[in-house]
Amino acid sequence: MNAEAAKPATPGPVTSGSVTPGHVTPAGTRRKARSRLDLRRLGRAALLGPTSRGRLPDAIGHVVDAHRAHHPDADLDPLRRAYLLAESSHRGQMRKSGEPYITHPLAVTLILAELGAETTTLTASLLHDTVEDTDVTLEQVREQFGEEVCYLVDGVTKLEKVDYGAAAEPETFRKMLVATGNDVRVMSIKLADRLHNMRTLGVMRPEKQERIAKVTRDVLIPLAERLGVQALKTELEDLVFAILRPEENKHTRELILRNASRANDPLAEVADEVRKVLREADLAAEVLIRPRHFVSVHRVSRKRGRLRGADFGRVLVLVNEDADCYGVLGELHTCMTPVVSEFKDFIAVPKFNLYQSLHTAVARDDGQVVEVLIRTHQMHKVAEAGVVALGNPYAAPAEEQSTSDGERVDPTRPGWLSRLLEWQRGAPDPDTFWSTLREDLAQDREITVFRPDGGTIGLPEGATCVDAAYAQYGEDAHACIGARVNGRLATLSTVLRDGDTVQLLMGQDPASEPSREWLEHAHTPAARIAIQRWLTAHPARPADPAGPAVIQQGPRPATGEPAAGHAPEAVPGSSGGARVLADRPGATVRLAGCCTPVPPDEVTGFAVRGGAVTVHRVECAAVAHMKGAGRAEVGVRWGEGAECRVTLVAESFVRPHLLADLTEAMALEGAEIVSATVDPPTHQQVRHTYTVQLPDAAHLPTLMRAMRKVAGVYDVSRAKPQTQGT
């Protein structure tokens with residue numbers, strides 16, 4: 001029900017007449033003005049215009065003209081019949097402003113027609129309030145207009161019953177999204193409906209205007225952005241801005257009017273220069289000036305402070321072919337002064353809402369920077385109308401519309417909306433879905449990262465490797481054990497930047513499970529909902545005692561093993577280690593625990609208390625320390641025994657069952673684990689330190705290779721020598 005509809009605003013927060021907040025045109029700009037329809041005249045035409053069978057009523061003449069501009073061969077009979085049914089059904093109903101109610105569906109339909117919506121959408125738009133507000137039933141709509149129109153009308157009717165915003169019932173919102181997701185045209189009609197109501201909101205009480213404006217800002221404007229319908233999104237932004245921030249809106253209007261009265265317009269001058277450059281290069285192009293709308297001017301003023309003429313708009317260059325876009329870019333960068341840092345290629349990598357364009361900027365001699373947008377006419381149509389401009393979803397897609405990445409094959413379900421349906425199905429409860437969706441809608445900037453195979457992943461700014469994993473693999477990302485970012489190993493908590501290359505490292509264990517810590521690093525709904533769903537289905541077990549895990553196998557050597565949680569300090573060579581001969585007969589020989597020498601390491605010895613000799617690798621830091629202290633070296637050499645004891649350090653990503661898999665791999669290689677410590681995980685990484693007994697020192701490289709092959713382990717090395725001697 002359009003209870004929010006009211007008469008056009010008189011002086012107040014919402015502007016009226018033919019000027020809306022974003023339509024003050026800078027001097028030097030030529031725009032073909034199209035006056036706002038007179039709703040009172042339209043209402044009289046609706047009641048008094050000819051309605052004979054086979055003839056189009058005068059009241060929908062504007063709709064027909066706009067529709068034929070985009071679809072010259074369209075069958076107009078459904079529009080005629082839909083109008084007649086809507087007018088007769090709403091007859092006697094009036095808007096709060098006094099116009100016949102039929103003026104509202106007519107205005108909504110005109111908005112969609114100007115955006116290029118196909119006939120079925122316009123037919124449903126004319127009928128969108130009949131089932132809820134009149135005696136017309138869905139069955140009647142189905143009989144007269146078919147299943148497709150009936151489905152759209154039913155979807156919009158369900159949307160009308162949704163109370164958006166913080167007080168909304170999350171389950172109701174989920175049901176609404178199910179209806180919308182199956183056919184995005186439902187939401188297109190709803191957005192046009194809200195735009196017309198916002199245009200005519202002035203009769204409402206200020207508190208109700210504010211409530212409706214906040215709902216529009218928090219839910220519907222972000223949805224319009226996600227669906228790529230920029231023409232609706234920008235006007236809704238300006239109307240909301242006028243209501244919620246009237247003083248700033250007034251100041252912004254003054255800035256725009258002051259700029260429009262200036263004698264020289266730098267945008268017009270640059271546009272003329274661009275036309276000259278392209279004409280000399282024999283590149284056919286249409287060069288226009290696109291003034292910024294109110295909210296855009298306000299944002300720029302907050303970012304840059306004092307505004308100059310070039311800040312009030314952009315130069316738009318329209319060409320026929322994709323290749324021409326790059327040709328124009330080359331000419332502008334050759335003949336004018338480019339600002340390279342401002343270049344972005346959204347043609348090669350389209351934005352998630354189907355937007356494509358080249359963005360660049362050129363500098364003037366006076367220091368002003370003019371932004372330039374370069375796109376084809378088709379790209380411009382999609383940039384303005386988004387999914388509305390993509391046609392009938394039931395028609396066979398044109399061959400050139402198909403893509404290989406699966407993201408845009410169905411034009412009515414862009415990637416974001418497809419993923420939205422997956423989230424609502426996977427969320428463990430409605431509240432989780434609702435809160436996650438609101439967080440996602442609040443994200444207004446995105447980045448693109450590249451896969452090693454050349455594919456791309458679109459993510460919100462601030463996303464991490466966890467988000468990339470779930471965006472690429474869905475719930476299979478539970479098995480992710482790490483990542484490489486730009487060729488370097490990185491933790492899953494690493495924040496990604498636009499243009500990064502991300503290789504996700506996946507484990508092979510089908511029973512892999514996500515870490516609870518991942519929730520702290522997940523920013524996208526896909527990641528948060530998938531992780532939360534798994535955690536809900538697998539309640540946490542009692543936490544392990546604080547501190548590092550310690551494994552001990554075999555009896556403690558008589559000389560003493562290290563205490564739990566500490567790396568071993570010394571392991572005697574005579575207790576199961578490789579045989580070492582010292583140039584001091586009768587002395588007890590011990591292998592230093594700081595560097596754990598094994599054959600064929602080059603070694604040296606030092607006498608310690610009790611007459612024992614400790615054996616160190618010559619590169620051990622303790623050797624230099626003892627030499628500096630004046631300690632005399634004792635000659636040592638390896639005996640014939642090949643058995644040895646060595647300390648190894650394994651670096652790995654956190655994953656379930658890693659400790660069991662790693663120790664099993666070591667046992668299979670014949671290594672006897674004397675002691676082991678596992679440090680507490682940090683940033684999804686964990687360090688394991690093992691002291692092992694090997695029957696043959698020559699087998700050490702094989703053991704280290706086997707450890708590296710364990711999923712999640714990315715490095716194995718000998719323990720580094722400690723800085724102090726024994």
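Student: Which residue just after α15 takes a positive phi?

Tutor: Before we start, this is a predicted model, where local features need pLDDT of at least 70 and side-chain atom pairs count only at pLDDT 80 or more, while totals for chains, interfaces and linings use all residues. Residues are numbered from 1 along each chain as its sequence is written, and side-chain values use heavy atoms, with hydrogens and water left out. Helices here are DSSP runs of H or I with at least four residues, strands are runs of E with at least two, and both are numbered from the N terminus. Look just past the end of α15: a positive phi of about 80° turns up there, at Gly305.

Student: Which helices are included in what covers the buried residues of α15?

Tutor: Buried means under 20% relative accessible area, exposed means over 50%, and partly exposed is in between (1.4 Å probe, protein chains only). In α15, residues 294-304, the buried ones are Phe294, Val295, Ser296, Val297, His298, Val300 and Ser301. Their cover includes α12 (230-244) and α13 (246-260).

Student: Is Asp282 buried or exposed?

Tutor: Find the loop between α14 (266-280) and β1 (286-291), where Asp282 lies. Its phi is positive, about 60°, although Asp282 is not a glycine. Its relative accessibility is 70%, so Asp282 counts as exposed.

Student: And what is the relative accessible area of Asn486?

Tutor: Asn486 sits in the loop between β9 (480-485) and β10 (488-490). Asn486 isn't a glycine, yet it has a positive phi of about 55°. Asn486 is partly exposed, with a relative accessible area of 44%.

Student: Where is Asp129 found, and what is its relative accessibility?

Tutor: Asp129 belongs to the loop between α5 (119-126) and α6 (130-133). Asp129 and Ala86 are 43 residues apart in sequence, but their C-alpha atoms are 8.3 Å apart in space. Asp129 counts as buried because its relative accessibility is 0%.

Student: How do α4 and α10 pack, and why is α4 called oblique to α10?

Tutor: Axes are lines fitted to C-alpha atoms, for helices over the stretch in contact, and angles run from 0 to 180 degrees between N-to-C directions. Helix α4 (residues 103-115) and helix α10 (residues 185-199) have axes 9 Å apart and an angle of about 120°. Under 35 degrees is roughly parallel, over 145 roughly antiparallel, 65 to 115 roughly perpendicular, and the rest oblique. That angle therefore makes α4 oblique to α10.

Student: How many nonpolar residues are in the contact of α10 with α11?

Tutor: Helix α11 covers residues 206-226, and its axis is 11 Å from that of α10, at an angle of about 145°. Contact means heavy atoms within 4.5 Å, and the α10 side includes Met187 and Leu191. Ala, Val, Leu, Ile, Met, Phe, Trp, Tyr, Cys and Pro count as nonpolar, Asp, Glu, Lys and Arg as charged, and the others, Gly among them, as polar. The contact of α10 with α11 has one polar residue, one charged residue and, for nonpolar, nine.

Student: Which residues touch the most other members of the largest nonpolar core?

Tutor: A nonpolar core is a set of buried Ala, Val, Leu, Ile, Met, Phe, Trp, Tyr and Cys residues joined through side-chain atoms within 4.5 Å. The largest one has 65 residues. Those that touch the most other members are Leu127, Val141 and Met198.
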